[in-house]
Amino acid sequence: MVNIIIVSIVFGSIVALAALICGTILIIIKSRGNSAGRGAANSEEARIIQETYRSLEKLEERIDALETILMDSEQKKRGEQ
């Protein structure tokens, strides 16, 4: 049962990371295509990209913490048996 939870967290995090990366790439492509004459919009899009990148880093840290917690609890269960 614990293995199923670990696998679903890992695959769920991979899907979430892939979605964030694809979204970031799409925003970058869009911002480069509209760069002529849109200085204010470009700075706003750059800010959004930076926020997305920071959120991605935070998500990665959270996933690492969850994986550590799950591995520790699994090791404790193995040690008790």
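Author: Let us begin with a term: a residue is called buried when its relative accessible area is under 20%, exposed when that area is over 50%, and partly exposed in between, using a 1.4 Å probe and protein chains only. This is a predicted model, in which local features need pLDDT of at least 70 and side-chain atom pairs count only at pLDDT 80 or more, while totals for chains, interfaces and linings use all residues. Residues are numbered from 1 along each chain as its sequence is written, and side-chain values use heavy atoms, with hydrogens and water left out.

Reader: ok, and how many helices and strands are there?

Author: The chain has 2 helices and 0 strands, where helices (H or I, at least four residues) and strands (E, at least two) are DSSP runs numbered from the N terminus. Helix H1 covers residues 2-33, and helix H2 covers residues 39-80.

Reader: how much of the chain counts as buried?

Author: Of its 81 residues, 14% count as buried. The accessible surface of the chain, calculated by the Shrake-Rupley method with a 1.4 Å probe and, for residues, with only the protein chains shown as cover, is about 6,300 Å², and 63% of this belongs to carbon and sulfur atoms.

Reader: what about Glu-74, buried or exposed?

Author: Glu-74, which is found in helix H2, counts as buried because its relative accessibility is 13%.

Reader: and which residues does Glu-74 touch?

Author: Leaving out residues up to four places away in sequence, Glu-74 touches Val-2, Asn-3 and Ile-6, where a contact means heavy atoms within 4.5 Å. Glu-74 also forms a salt bridge with Arg-78, with the closest N and O atoms 2.7 Å apart; a salt bridge is a side-chain nitrogen of Lys or Arg within 4 Å of a carboxyl oxygen of Asp or Glu.

Reader: where do those two partners, Glu-74 and Arg-78, lie?

Author: Both Glu-74 and Arg-78 lie in helix H2, 4 residues apart, about one turn of the helix. Glu-74 is buried, whereas Arg-78 counts as exposed, at 59% relative accessibility.

Reader: how many salt bridges does the whole structure have?

Author: A search of the whole structure finds 3 salt bridges. Arg-47 forms one with Glu-44, their closest N and O atoms being 2.3 Å apart, and Arg-47 also meets Glu-51 in a salt bridge (2.3 Å, N to O), so that Glu-44, Arg-47 and Glu-51 are linked in a network.

Reader: why are Arg-47 and Glu-51 about one helical turn apart?

Author: Arg-47 and Glu-51 are about one helical turn apart because they are 4 residues apart in helix H2. Arg-47 and Glu-44 also both lie in helix H2, 3 residues apart, about one turn of the helix.

Reader: switching topic, which residues form the negative surface patch?

Author: That patch is formed by Glu-57, Glu-60, Glu-61 and Asp-64. Patches are made of residues with over 30% relative accessible area and no salt bridge, with like charges joined within 9 Å and nonpolar side chains (Val, Leu, Ile, Met, Phe, Trp, Tyr) within 5 Å. Lys and Arg count as positive and Asp and Glu as negative, while His and the chain ends are not counted, and a charge is placed at NZ of Lys, CZ of Arg, CG of Asp or CD of Glu.

Reader: and which residues form a nonpolar patch?

Author: Met-1, Ile-4 and Ile-5 form a nonpolar patch on the surface, with about 360 Å² of accessible area together. Met-1 sits in the segment before helix H1 and is exposed, with a relative accessible area of 76%.
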